[in-house]
Amino acid sequence: MEETAAAHHVDLTVIAFVILVAVLAGLGLMRLKQPPLVGFILAGVLLGPDALGFVSTSDENVTVLAEMGVLMLLFFIGMELSLKAFVATLRPALLIAGGQLAAAMAITFTLKAISDATFAEALILGFIIALSSTVVAMKMLEDIGELRGEPGRIAVGVLIAQDIAVVPMLLISTSLGGSEEIAWTSLIVKITIAVAVLAGLLWYLGRRPKLKPRFAAAVEGNVEILALGSLAFCFAAASMSGWIGLSPAYGAFIAGLVVGASTLRSPVIHVVEPIQSILLVVFFLSIGLLIDLEYIVANWQLVAIAAVFVILAKTILNVVLIRLAGLPHKTAVEAGLSMAQIGEFSFVLAAAAYASQAIGGDVYRLALAVTAITLLVSPAWMILIHLIEGEARFGYREFRTALAEIYEGQVENVEDFGFWLKVRGRAVRRAYRRRRAERIAERRRPEGFGEGKVPGE
């Protein structure tokens, strides 16, 4: 009896310490003007088996809570999703997601041609690279206030298309490791069912007013019943979806769509949001636990090159694909940057492929390391690109203004190259002095005064 009490005491102490480290890491990153989720990932690294060893990657409780966090996120996205906006972005979202997959396959099969990678490894790595993180992308867009704007709608459409694509990806990945051929008929049937259910539900919910359950009036003001009922509905739909061979995340999203189209949408969002936030913290901690520090240290050059290449390639590819879909530059940049990392379902794909021996141990550890690092640096990458783009836009505008001032009242001699260089050099120096003066004025300006205004405009 005393041993049992001592064990509970130790477990509670560890849990309290884990929560404390996560909170402190999140607050520290907020002080550095970084998203708290980066701090939660770093807390997982610190508490993992390669550092302090407080939490093990084999801890089933952590794994289950992390998976619940992903399900709750998709349930929440489904509730908040505007059906009309989602249908409007469905076509470009499918084209963008298809382009991402095709480009990822082109990259991995090119690498296969110059290495000793197998067909299965090239295919599965293509799947892994093509996916982006729903959790991180939504958080990043929410932090910059674009989750409900056009960038958020496009990103959500693409991410949902990817989440649906996880179903055939998972089936193919596990089948490639065995001696049996892929059951293409069963695979096509499952994909058809997933698409048909989603299309039918969108058509049905989009043509009628808000659903009003008979028990709505009785439970609307009862926080406990709303919270438990919502969780039960979300996990029941996820379980049913997993039971019939589809992704549990797909079922959670469908459940969110149904609740979002009902009169209980607002009260359910109010009670579910805190639960979702806690589970997502556990998810970010679990990502940190998966980072194998020993492997990264031993192969830091390979991991660094792969992570940088993935982030750069996905950023450029996303922006280009979104622009080709006919969307404006701002939308392309915001949505493209939010999806520049590898997604959380890539962990699931890599683990399933490794368990079925479709990929080797080195490929598995490399995939986990690169995925975790891209998730970790993605928020900072978005902030950096925003800063660079803002500075470039301001500098170009001031350069053009200074150039016009210098040329005022003069006629340029196009044959005098020395004069051409001299004038542009003076314009660059004048633009730099104005930018420096603007920064000094911003530091001296009272908070909230003159926001969004540039001297001389």
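Reply: Of the 457 residues of the protein chain, 46% count as buried (under 20% relative accessible area; exposed is over 50% and partly exposed in between, with a 1.4 Å probe and protein chains only). Keep in mind that this is a predicted model, where local features need pLDDT of at least 70 and side-chain atom pairs count only at pLDDT 80 or more, while totals for chains, interfaces and linings use all residues. Residues are numbered from 1 along each chain as its sequence is written, and side-chain values use heavy atoms, leaving out hydrogens and water.

The chain has 18 helices and 0 strands (DSSP runs numbered from the N terminus: H or I with at least four residues for helices, E with at least two for strands). Among its contacts (heavy atoms within 4.5 Å) with a separation of 6 or more, 78% join residues 24 or more positions apart.

Now the close-up. Ser 241 sits in helix 10, which covers residues 223-243. With a relative accessible area of 5%, Ser 241 is buried. Its side chain reaches the backbone nitrogen of Gly 251 at 3.5 Å, a polar contact (N or O atoms within 3.5 Å, one able to donate a hydrogen and the other to accept it; residues adjacent in sequence count only if both atoms are side-chain atoms). Leaving aside residues up to four places away in sequence, Ser 241 touches Leu 246, Ser 247, Pro 248, Tyr 250 and Gly 251.

Pro 248 from that list belongs to helix 11 (residues 248-260). Pro 248 is partly exposed, at 37% relative accessible area. Besides Ser 241, its partners beyond four places in sequence are Leu 71, Ala 238 and Gly 242. Pro 248 and Met 68 are 180 residues apart along the chain, with 10.0 Å between their C-alpha atoms.

Of its 128 residues, Met 138, Leu 257 and Phe 284 touch the most other members. Phe 284 touches Leu 37, Phe 40, Ile 41, Val 135 and Val 136, again skipping residues up to four places away in sequence.

Helix 6 (residues 134-143) and helix 12 (residues 265-290) have axes 11 Å apart and pack at about 120° (axes are lines fitted to C-alpha atoms over the stretch in contact, and angles run from 0 to 180 degrees between N-to-C directions). That makes helix 6 and helix 12 oblique to each other (under 35 degrees is roughly parallel, over 145 roughly antiparallel, 65 to 115 roughly perpendicular, and the rest oblique). Val 135, Val 136 and Lys 139 of helix 6 meet Leu 280, Phe 283 and Phe 284 of helix 12.

For another pair, take helix 5 (residues 119-130) and helix 7 (residues 150-175), whose axes come within 11 Å and cross at roughly 160°. Helix 5 and helix 7 are therefore roughly antiparallel. On the helix 5 side you'll find Leu 123, Ile 124, Phe 127 and Ala 130, facing Gln 162, Met 169, Ile 172 and Ser 173 of helix 7.

Note on methods: A nonpolar core is a set of buried Ala, Val, Leu, Ile, Met, Phe, Trp, Tyr and Cys residues joined through side-chain atoms within 4.5 Å.
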